Amino acid sequence: MNSYSHIMDEVLQIASISFDDLGNLVVKAYLDGYGKQTVQQTWFDPPEYGPGLCETVLDSDFLPPAIHQNLTEKELLQLIDCHNLLENQSWFPIQEE
């Protein structure tokens, strides 16, 4: 499976935030350019793609101590933004559930 690096500006909307069994932070978000093709490729221009659901996992060993499983989603979002945790992350396109 391919992964793609994006910066926070290209994250359109956070779909969910959760912790896995190992304490890693799992973020699912809609990113621009990884959904269905919206514009066909031409001789001069590449194809364009709409938003798609992607996932990234932030390793628990590298999370700031302030991030833990007892926080609300709103608090997690604030800390993720404050620490720029989604900047330069590798994102993996996933099928919508």
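**Close-up views of a predicted model**

**View 1. The end of α1.** α1 is followed by Asn84, whose phi is positive, near 50°. Helices (H or I, at least four residues) and strands (E, at least two) are DSSP runs, numbered from the N terminus. This is a predicted model, so local features need pLDDT of at least 70, side-chain atom pairs count only at pLDDT 80 or more, and totals for chains, interfaces and linings use all residues. Residues are numbered from 1 along each chain as its sequence is written, and side-chain values use heavy atoms, without hydrogens and water.

View 2. Leu76, Leu79 and Ile80 are the buried residues of α1 (under 20% relative accessible area; exposed means over 50%; 1.4 Å probe, protein chains only). They share one side of α1 because they cover an arc of only 100° around the axis, taken from the directions from the helix axis to the C-beta atoms. Exposed Lys74 and Cys82 sit on the face turned away from that buried side. The cover over the buried residues includes β2 and β3.

**View 3. The largest nonpolar core.** This core has 18 residues, and Leu25, Val27 and Trp91 have the most contacts inside it. A nonpolar core is a set of buried Ala, Val, Leu, Ile, Met, Phe, Trp, Tyr and Cys residues joined through side-chain atoms within 4.5 Å. β2 (11-19), β3 (25-31), β6 (52-58) and α1 (73-82) each give two or more residues. β3 gives the largest share, four residues.

**View 4. Around Val27.** Beyond its neighbours within four places in sequence, Val27 is in contact (heavy atoms within 4.5 Å) with residues including Ile14, Cys54, Leu58, Ile80 and Trp91.
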